[in-house]
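Colleague: Please take a close look at a single part of this model. I would like one connected account.

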Amino acid sequence: MAAESETLSVDTSTNELQDDPLQDLTDEQLYTLLEETVRANEVLAAETQMFEKYLKRVEPKDLTGFQTHVTTTPSLSTMENVRAVGRKRSKSRSSNMDKSLRLSAEQKCDIAQREIEELREDIEKLKEDSEKVLDTYRAIMEESDMRLAETKKSSYEFERDIVKGAVNARTAKVIAERVVRYFEDKLRSRDTLIEKLRLKNSTLKVQKKKLHMQLKQKEEMGEVLHEVDFNQLKIENSQYLEKIDERNQDLLRLKLMAGNTLQVLNMYKKKLHLLTMESNRLKADIESRNELSSRIDAETDQVEEERTKAEKINRKLRQQLADYRVPEVMEYVQEKADLYEIQKKVKSWERKVEIACMALKTHKKTWGQMRMATSAGGGFQQWS
């Protein structure tokens, strides 16, 4: 029996080595397989954690579908025993067993949906609790602000009416009657405020009682919403939320379209601005060209007038040239001789004028000397 057991163990070890698919893999393939296995284990751990939360939360009546499935699947201990006893089982049977141990896609979706609903309920409850706490803190802050304002007001009035206003000018002490009157006035005002608040509280109680009566009447009439109505409202709310999401998607798409349109509009605005500047520049250029053209037209008109005048003069000169007759030779010689005679006379007269100028200069010089002499002699006689 021992030999048979040894041979059986040797055979099983050799079969395991032959059936082991990891022997033919390289180190990189083993590393990638290990990473995929780790990721799959993390996913399974998250699903297991969610399933445990679901089992802790739901009631036993909600687990009928899962209990029937779990009872049909073997336990982990039995699986380990089966694997320890015989590892020669086929991979198809092991895969079927793994599939039987896992949840179906519908069950996973149901669990996830219920977890999401529970999380939403928890979030809503936390929101309500936080709103209540915030309302409480707001009320406390408002009350503290009101009390602080009242305290400041009372302190200011006490400082004004008692500390400064109730001091006797002669004795420099506070008058007791004014202090007593001040506190009596404060107490009366406080009593009137208490009476107002009491009346307001009684009116609020009456309103509360009326609202309770109306609520009881609605409950008796059947107008109060039940669980079915709330479920219907939840369904309608989910439908409206889907519609709101669709509208938000449409709004986002329209916003993107509006953004693109705005970009195109800005581009066309820039082009319009550039074209407007170009148009203004061209208008100024056209105006300058028009002014230049008008000046050129005016100059052209002036030149035309001058040309007509020059043509008239030219025609006149041509007419004079045509009417001109050359004098005779003897007449020309006589005229030339007369011209020579006149030039000689002009030269002689110019010489005479130069001589007269020189004589004038000498006469002026002698005259100046004589005046100087006469002025000097008169001065000497006067001195003597």
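Predicted model: local features only at pLDDT ≥ 70, side-chain atom pairs only at ≥ 80, totals over all residues.

Modeller: Residues are numbered from 1 along each chain as its sequence is written, and side-chain values use heavy atoms, with hydrogens and water left out.

Start with E115. E115 sits in helix α6 (residues 105-164); helices are DSSP runs of H or I, at least four residues, numbered from the N terminus. E115 has 7% relative accessibility, so it counts as buried (under 20% relative accessible area; exposed is over 50%, partly exposed in between; 1.4 Å probe, protein chains only). Leaving out residues up to four places away in sequence, E115 touches M50, K53, Y54 and R57 (contact: heavy atoms within 4.5 Å).

Helix α2 spans residues 27-57 and includes L30. L30 is partly exposed, because its relative accessible area is 31%.

Now the cysteines. C109 is exposed at 54% relative accessible area. C357 is partly exposed at 41%. The structure holds 0 disulfides (pairs of cysteine sulfur atoms within 2.5 Å).

Last, confidence. The chain has a mean pLDDT of 79, and 78% of its residues reach 70 or more (pLDDT is the predictor's confidence in each residue, from 0 to 100). Confidence is highest in helix α8 (residues 227-323), at a mean of 89, and lowest in helix α4 (residues 76-85), at 40. Over residues 1-11, pLDDT stays under 50, and the model has 0 contacts there beyond four places in sequence.

Definitions and conventions:
Helix = DSSP H or I, 4+ residues; strand = E, 2+ residues; numbered from the N terminus.
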